[in-house]
Amino acid sequence: MTSTNNVQSLETTLPYDNYVSKEIYNKEMKAIFSKNWILVGHTSQLANIGDFFTLELAGEPIIITHAKDGNIHALYNICPHRGTRIETSEKGKKKILQCSYHGWTFHLDGKVHRTPNFDTKDLGEFSCMRSIQLAIRNSMIFVNLDPDAKAFDEEYATFLQDIGQYDFLDSLILCRENQRVVEANWKAVVDNYLECDHCPIAHPGFSRTFDLSNYSIVPSDNYSYQCSTVRNKEESDGARFYWVWPNMMVSIYPGNGNMTTTQLYPLDEERTLAVYRYYFANTELTEEQEELIKFVDQVREEDFGLVELLQKGFHSKAFGRGIYSPTEQGLQYFHQLIGKAMNE
Ligand code: FES
Ligand SMILES: [Fe+2]
């Protein structure tokens with residue numbers, strides 16, 4: 001092993017303990033996932049009154065519904081009678097939600113409908129499912145478990161302005177969805193997304209398609225983006241890969257209006273559920289769109305393989321931190337935001 005004189009000037013990453021510690025994970029669920037705006041879905045998943053989907057965020061069961069009032073609601077999927085989880089399916093369409101314990105029923109806006117053995121009028125705070133802060137922007141649905149959180153538009157003003165350049169976003173519908181449990185800490189998956197130093201080695205297909213000599217990573221305000229152009233094509237054929245604090249990734253590829261998102265739901269300190277979704281303006285996908293999905297899936301699988309190897313290394317006694325290269329400013333910014341959130 002050789003040593004250099006300028007080792008002192010190298011900037012080091014977050015300690016690797018942070019990627020294997022149960023205690024830090026639990027703190028992140030409180031300090032990050034219970035206090036920030038998290039992407040949970042898209043309005044095209046709730047096109048009709050009665051549509052709903054459920055998920056778990058920071059250990060909380062959540063249901064997102066399209067109620068009779070025409071609005072989309074975010075609710076804790078918990079019965080106010082005694083706390084049973086109400087809806088057990090991942091998605092569906094219902095007129096009424098029913099708790100399987102004592103049979104209380106609820107409208108899709110969370111208000112109680114029938115309560116056997118109780119006078120529904122006298123239930124006070126027990127008369128509805130608890131609601132959660134919700135924001136819908138560019139047809140993407142975000143929730144925030146913190147009732148006192150800063151408004152979405154305030155937190156992400158610059159991101160909204162930036163992504164606003166794509167005027168087709170509201171016309172897109174969810175066309176394909178894949179899920180995969182990645183055997184790695186959620187931060188390792190984000191870290192991997194935020195740099196492209198690994199692209200020439202790990203992503204041969206991606207590197208053939210995009211001009212890596214024309215690749216920028218720009219940290220901004222609670223988000224960052226990476227952009228590049230397709231080799232041998234005009235300037236306008238660019239792609240933009242957004243990362244939005246803390247765990248959302250949105251990519252826009254060249255060609256007809258499209259969007260792919262990745263939502264990362266930490267399952268524990270060493271496992272993350274990655275939900276990736278593909279949006280286009282048409283439901284019958286063209287060959288070109290199928291090709292794009294294949295291309296994105298391939299890059300993702302390459303990445304997931306790498307982060308799973310990385311997670312194994314986090315346990316090693318060999319060393320406790322990594323170092324940043326000069327083109328990993330996106331990664332550095334993510335780690336700064338983690339530090340800030342965890343110290344507040
Ligand atoms: S816990 Fe839901 S009806 Fe009793
Ligand atoms: Fe990658």
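Q: Which residues are buried in α8?
A: This is a predicted model. In α8, the buried residues are Gly330, Leu331, Gln332, Tyr333, Phe334, His335, Leu337, Ile338, Ala341 and Met342.

Q: What covers the buried residues of α8?
A: The cover includes the helices α1 (22–33) and α4, together with the strands β12 (210–219), β13 (223–230) and β14 (238–244).

Q: And the span of helix α8, what should it be?
A: Its 15 residues (329–343) should span 21 Å at 1.5 Å a residue, and the end C-alpha atoms are 21 Å apart, which agrees.

Q: Turning to the sheet, what is the order of its strands?
A: The order is β11-β17-β16-β15-β14-β13-β12, an open sheet of seven strands with antiparallel pairing. β11 (173–182) and β12 each have a single partner strand, so one side of each lacks a neighbour in the sheet.

Q: Which strands does α4 lie across?
A: α4 lies across β11, β13, β14, β15, β16 and β17 (271–280), and runs at about 30° to β15. α8 also packs on the sheet, where it touches β12, β13 and β14 and makes about 25° with the direction of β12.

Q: Now the metal: which are the protein donors of the iron ion?
A: Ligand 2, the iron ion, has His198 (NE2), His203 (NE2) and Asp303, the latter through two OD entries, at 2.0 to 2.5 Å. His198 lies in the loop between α4 (186–193) and α5 (199–202) and Asp303 in helix α7 (287–314), so this pair ties together parts 105 residues apart in sequence.

Q: Are His198 and Asp303 buried or exposed?
A: Both are buried.

How values were computed
Residues numbered from 1 in each chain as written. Chains lettered and ligands numbered in written order. Predicted model: local features only at pLDDT ≥ 70, side-chain atom pairs only at ≥ 80, totals over all residues. Heavy atoms only, no water. Donors = N, O, S within 2.8 Å, 3.2 Å for Na, K, Ca; no water. Helix = DSSP H or I, 4+ residues; strand = E, 2+ residues; numbered from the N terminus. Buried < 20%, exposed > 50% of the residue type's maximum accessible area, 1.4 Å probe, protein only. Expected span 1.5 Å × (residues − 1). Contact = heavy atoms within 4.5 Å. Pairing = 2+ DSSP bridges. Axes fitted to C-alpha atoms, helices over the stretch in contact; angles between N-to-C directions.
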